[in-house]
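Please look at the structure below with its charged side chains and its open spaces in mind.

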Amino acid sequence: HADLAIVLGGDGTMLNAALRLARYCVPLVGVNQGRLGFMTDIARDDMLSCMDDLLDGRFAPENRMLLAAEVTRDGKEVAANMALNDVVVDKGAIGRMIEFELFIDGEFIYNLRSDGLIVSTPTGSTAYSLAAGGPILQSSMHALALVPICPQCMTNRPIVISDTCEIEVVITKGMDAR
């Protein structure tokens, strides 16, 4: 029943709060207690004056998209969650690459050997996705970035798609893939 959640911490704390509160549509305000603070906009030193502005209605709310992800094995859902930043399929702890097929809205896109794939929201486009060579997406865009992690082939580049698409990753080889 909260009208607002004030999150004290860094981006990791903000992501954790978003994951826990997203289903309740509780707005979040982040006060940066960490180092970079891409998502925690308010500096610690400005917290009190910013809270005054917030309580007086002097703010601009911004909606951010969430990803819904589910893991299916043998036709059964084994896990499901929401994500503010990204959903990552990766090789796990082993030193070998994984192989997977990518489908968008049921259409086969490609087969890839790599360390994995990042499916990033605009919020997540300045995090792991960017470090892996993905594009920066404007936060208000209705788009997702699909970014291969260390692909073995030169032709598999990041792809930007509509946020209305359904993405399916089918792992064909990869014992510890997660």
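The structure holds 6 salt bridges, a salt bridge being a side-chain nitrogen of Lys or Arg within 4 Å of a carboxyl oxygen of Asp or Glu. This is a predicted model, in which local features need pLDDT of at least 70 and side-chain atom pairs count only at pLDDT 80 or more, while totals for chains, interfaces and linings use all residues. Residues are numbered from 1 along each chain as its sequence is written, and side-chain values use heavy atoms, with hydrogens and water left out.

- Side chains of opposite charge can pair when their charged atoms come close.
- Asp90 and Arg178 meet through their side chains in a salt bridge of 2.8 Å, N to O. This pair links distant parts of the chain, with Asp90 in strand S6 and Arg178 in the segment after S12, 88 residues apart; helices (H or I, at least four residues) and strands (E, at least two) are DSSP runs, numbered from the N terminus.
- Asp90 counts as buried at 17% relative accessibility, whereas Arg178 counts as exposed at 61%; buried means under 20% relative accessible area, exposed over 50%, and partly exposed in between, with a 1.4 Å probe and protein chains only.
- Glu99 forms a salt bridge with Lys173, and their closest N and O atoms are 4.0 Å apart. Here too the pair links distant parts of the chain, since Glu99 lies in strand S7 (residues 98-104) and Lys173 in strand S12, 74 residues apart.
- Glu99 is buried, with a relative accessible area of 14%, while Lys173 counts as exposed at 52% relative accessibility.
- Asp56 forms a salt bridge with Arg58, the closest N and O atoms being 3.4 Å apart, and Asp53, Asp56 and Arg58 are linked in a network of salt bridges. Asp56 counts as exposed at 52% relative accessibility, and Arg58 counts as exposed at 51%.

**Pockets**

- About 1,200 Å³ of space lies in the largest pocket. A pocket is, on a 1 Å grid over the protein atoms alone, an open set of points where a 1.4 Å probe fits, with protein on both sides within 12 Å along at least five of seven lines, and its lining residues have an atom within 4 Å of a point.
- The largest pocket is lined by 35 residues, and Met14, Leu28, Val29, Glu62 and Arg64 lie nearest its centre. Helix H1 (11-21), strand S2 (28-32) and helix H2 (47-55) each supply at least two residues of this lining, and the largest share, 4 residues, comes from H2.
- The second largest pocket holds about 980 Å³ of space and is lined by 25 residues, of which Ala69, Glu70, Val71, Ile167 and Val169 lie nearest its centre. Two or more residues of this lining come from each of strand S4 (67-73), strand S6 (86-90) and strand S12 (167-173), and S4 gives the most, with 7 residues.

**Surface patch**

- Leu4, Ile6 and Leu8 form a nonpolar patch on the surface, with about 250 Å² of accessible area together; such a patch is made of residues with over 30% relative accessible area and no salt bridge, nonpolar side chains (Val, Leu, Ile, Met, Phe, Trp, Tyr) being joined within 5 Å.
- Leu4 is found in the segment before strand S1 (5-9).

Methods
Grid points are joined across faces, edges and corners, and a volume is the space filled by probe spheres set on the points. Patches are made of residues with over 30% relative accessible area and no salt bridge: like charges are joined within 9 Å, nonpolar side chains (Val, Leu, Ile, Met, Phe, Trp, Tyr) within 5 Å. Accessible areas come from the Shrake-Rupley method with a 1.4 Å probe; for residues, only the protein chains shown count as cover.
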